[in-house]
Amino acid sequence: MFPQTLQTSFFTGLSNIRCCDVAVKYENQRKTLILLVVGQDNLKRNILAMYDITDFAYREPSLFCKKISDFDIRSAKFLDKRDANQFVTCGKENIRFWRLKHKVINGVSLVLNEHGRDTVFNDFCVFDYDNLVNIQQMPQDAENIKNNYK
């Protein structure tokens, strides 16, 4: 369970932090909270850094892994908040899917062809299709709710 609020800070070594996201990683029956931070280092290179923030209230977060990216990154989000192994980034002329395996981050670009030229992708939304309600049942459910409140 994520804490409701936690007011604290720590030094990441990154400047110009653009975005961050949190997810859970399960490994060897151990639950780890992972914070994904996207920023730049002192040489102005784009950095993806993942921190272990499991006991953030009691100890300093530790760097889990990091990756230098040659691609501009404006936004990053985990595909599933219960799985910190896969996430998506977007930026100038690129959308990339990333995978964390054995503390190594590898990415693959989405082929955009002419749609990516001179386009800046600022943000995106990740849907969990497994938890969506069946659209055909929605009108019936809405009608039942309306009838109950008459």
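Mentor: Let us begin with a term: a salt bridge is a side-chain nitrogen of Lys or Arg within 4 Å of a carboxyl oxygen of Asp or Glu. Please keep in mind that the model is predicted.

Trainee: How many salt bridges does the count come to by this rule?

Mentor: The rule asks for a nitrogen of Lys or Arg within 4 Å of a carboxyl oxygen of Asp or Glu. One of the pairs is Asp21 with Lys81, whose side chains meet at 2.3 Å, N to O. By this rule, the count comes to nine salt bridges.

Trainee: How many residues apart in sequence are the parts that Asp21 and Lys81 tie together?

Mentor: The side chains of Asp21 and Lys81 meet in a salt bridge. Asp21 belongs to strand β1, residues 15–27, whereas Lys81 sits in the loop between β5 (75–80) and β6 (83–91), so the parts tied together are apart in sequence by 60 residues.

Trainee: Which strand holds Arg30, the partner of Asp52?

Mentor: Asp52 and Arg30 form a salt bridge, with their closest N and O atoms 3.9 Å apart. The pair links distant parts of the chain, 22 residues apart: Asp52 is in strand β3 (residues 46–52), and Arg30 is in strand β2 (residues 30–40). Asp52 is buried at 8% relative accessible area, whereas Arg30 is partly exposed at 45%. The strand that holds Arg30 is β2.

Trainee: What is the N to O distance between Asp41 and Arg45?

Mentor: Asp41 is buried, with a relative accessible area of 9%, while Arg45 is partly exposed at 36%. Their side chains meet in a salt bridge, and the N to O distance is 2.7 Å.

Trainee: How many disulfides does the count come to?

Mentor: A disulfide is a covalent bond between the sulfur atoms of two cysteines. The cut-off is a pair of cysteine sulfur atoms within 2.5 Å, and by this rule the count comes to zero disulfides. For Cys19, the nearest cysteine sulfur is 7.1 Å away, and the residue that carries this sulfur is Cys20. The count of disulfides is zero.

Conventions
Residues numbered from 1 in each chain as written. Predicted model: local features only at pLDDT ≥ 70, side-chain atom pairs only at ≥ 80, totals over all residues. Heavy atoms only, no water. Helix = DSSP H or I, 4+ residues; strand = E, 2+ residues; numbered from the N terminus. Buried < 20%, exposed > 50% of the residue type's maximum accessible area, 1.4 Å probe, protein only.
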